[in-house]
Amino acid sequence: MQFLLPLFCVVAISEWALTAPEQVMIAATEQYSELVITWVTFESTSTSQVLYGLNGGPLSNVAYGSETEFVHKEGKKPLTRYIHRVNLTNLLPLTKYDYMCGSLANWSKLFTMRTLGDGTSPTTLAVFGDLGYKNGQSIYSLISEATNGTIDGVLHCGDIAYNLFNDGGRNGDDFLNAIEPISSKVPYMVAPGNHEWLHNFSDYQYRFSMPGNTFNGYYSWNVGSAHIISLTTEIYFFLWDGIDLIKQQYDWLVQDLQKATSKEQRAKYPWIITMAHHPMYCSTTDEDDCNHRDSVVRVGLPVIHQYGLESLFYEYGVDVALWGHEHIYERLWPVYDYKVMNGTNPYYNTPAPVHIISGAAGCREGRDLFTDHQPDWTAFISRDYGYSKMTIHNITHLSIDQISVSQNGTVIDTVTLIKDPPM
């Protein structure tokens with residue numbers, strides 16, 4: 001005997017599902033005591049709320065936020081999504097909180113997150129770019145890291161989902177649901193890549209909630225003993241608005257670096273780390289911008305040679321530059337203007353930035369090839385699928401390990417940077 005649900009029950013269940021929170025993601029802000037919770041529904045809700053409390057206790061706190069409508073016009077069946085954002089304040093450092101997000105119409109399941117520490121706390125961040133939904137080789141390892149508490153956050157250096165906008169954005173939905181066991185536990189910080197390009201990076205702008213007011217394009221924040229700067233290199237290649245955005249970011253970067261190198265800031269956050277998508281050096285064979293000495297990211301726009309990033313990084317003492325785009329892992333010796341600075345102890349008070357390309361997390365395009373004979377500035381290179389783990393130990397020590405997913409989690413490369421305490 002078959003039992004059929006009345007039509008009104010089917011409609012009610014369907015509407016309930018549309019208000020179910022999904023793609024839950026945490027982002028850090030410019031304050032240690034704050035986090036932003038972002039999620040998606042497919043129907044508008046009356047409120048956007050987060051119920052939260054100390055791990056194992058009642059959800060006795062409530063915070064309210066906002067909802068933004070995002071109409072996706074690509075694909076055979078365009079979808080409207082509602083992006084919800086709630087800012088949690090006055091959080092304790094290095095503390096586990098339980099939380100649920102949603103509205104009176106529908107609630108998420110119970111999640112547990114861990115807040116970041118203050119300036120004296122060691123912090124470990126997973127670092128990678130170019131992680132897709134299809135062939136996302138590193139996803140399960142990263143889920144394990146977040147679940148086991150071996151990472152405190154994520155730096156995703158562009159090319160997210162491959163692509164966020166595919167199939168009317170459904171591929172982006174699938175990817176963000178797949179990484180939810182990571183992004184719901186620890187801050188998931190992003191930079192844009194070339195695969196976010198459609199409609200002026202609209203999927204990227206709407207779906208994430210990074211600090212600042214630049215549509216997630218460029219921003220900075222402090223964690224542990226480090227000042228982290230996220231930049232967009234894509235404005236050098238997608239010149240829809242001319243060079244205005246390049247100039248705006250460059251001017252902002254100068255001001256941010258000036259502040260970061262002040263005596264007061266250096267005492268708290270002596271490590272300066274950048275993250276972006278297109279690197280300025282690489283030894284792959286695919287003739288990208290980084291394969292050329294006149295890389296626009298490195299030296300600036302053609303002819304006028306303005307707004308290049310390398311001279312700024314060098315002038316203000318950037319310690320580590322993190323990149324994606326090339327589907328390999330490559331660690332460089334300290335280098336500036338193609339001059340290798342690998343003396344007796346090149347990672348002690350490094351004279352120039354150490355570049356790390358971590359673009360082999362796994363995507364539908366597979367991995368890149370690299371040249372048979374690497375340039376002098378290459379210290380280590382690998383085609384293994386995997387991701388990097390950067391640990392900011394304290395004000396004098398920072399280490400980076402490369403985790404090979406192809407070799408079941410083996411550490412295939414490690415480097416430790418050491419600097420004298422700030423004066």
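Which residues have the most contacts inside the largest nonpolar core? The legends below begin with that core.

**View 1. The largest nonpolar core.** L155, Y188, L322 and M390 have the most contacts inside this core of 58 residues. A nonpolar core is a set of buried Ala, Val, Leu, Ile, Met, Phe, Trp, Tyr and Cys residues joined through side-chain atoms within 4.5 Å; buried means under 20% relative accessible area, exposed over 50%, partly exposed in between (1.4 Å probe, protein chains only). The model is predicted: local features need pLDDT of at least 70, side-chain atom pairs count only at pLDDT 80 or more, and totals for chains, interfaces and linings use all residues. Residues are numbered from 1 along each chain as its sequence is written, and side-chain values use heavy atoms, with hydrogens and water left out.

**View 2. Salt bridge between R81 and D173.** The two side chains meet at 2.8 Å, N to O (a salt bridge is a side-chain nitrogen of Lys or Arg within 4 Å of a carboxyl oxygen of Asp or Glu). R81 belongs to strand 6 (residues 80-88) and D173 to helix 3 (residues 170-178), so the pair ties together parts 92 residues apart in sequence. Helices (H or I, at least four residues) and strands (E, at least two) are DSSP runs, numbered from the N terminus. Both R81 and D173 are buried.

**View 3. Salt bridge between D413 and R331.** The N to O distance is 2.8 Å. D413 lies in strand 26 (residues 410-418) and R331 in strand 19 (residues 329-332), 82 residues apart. D413 is buried at 6% relative accessibility, and R331 is buried at 8%.
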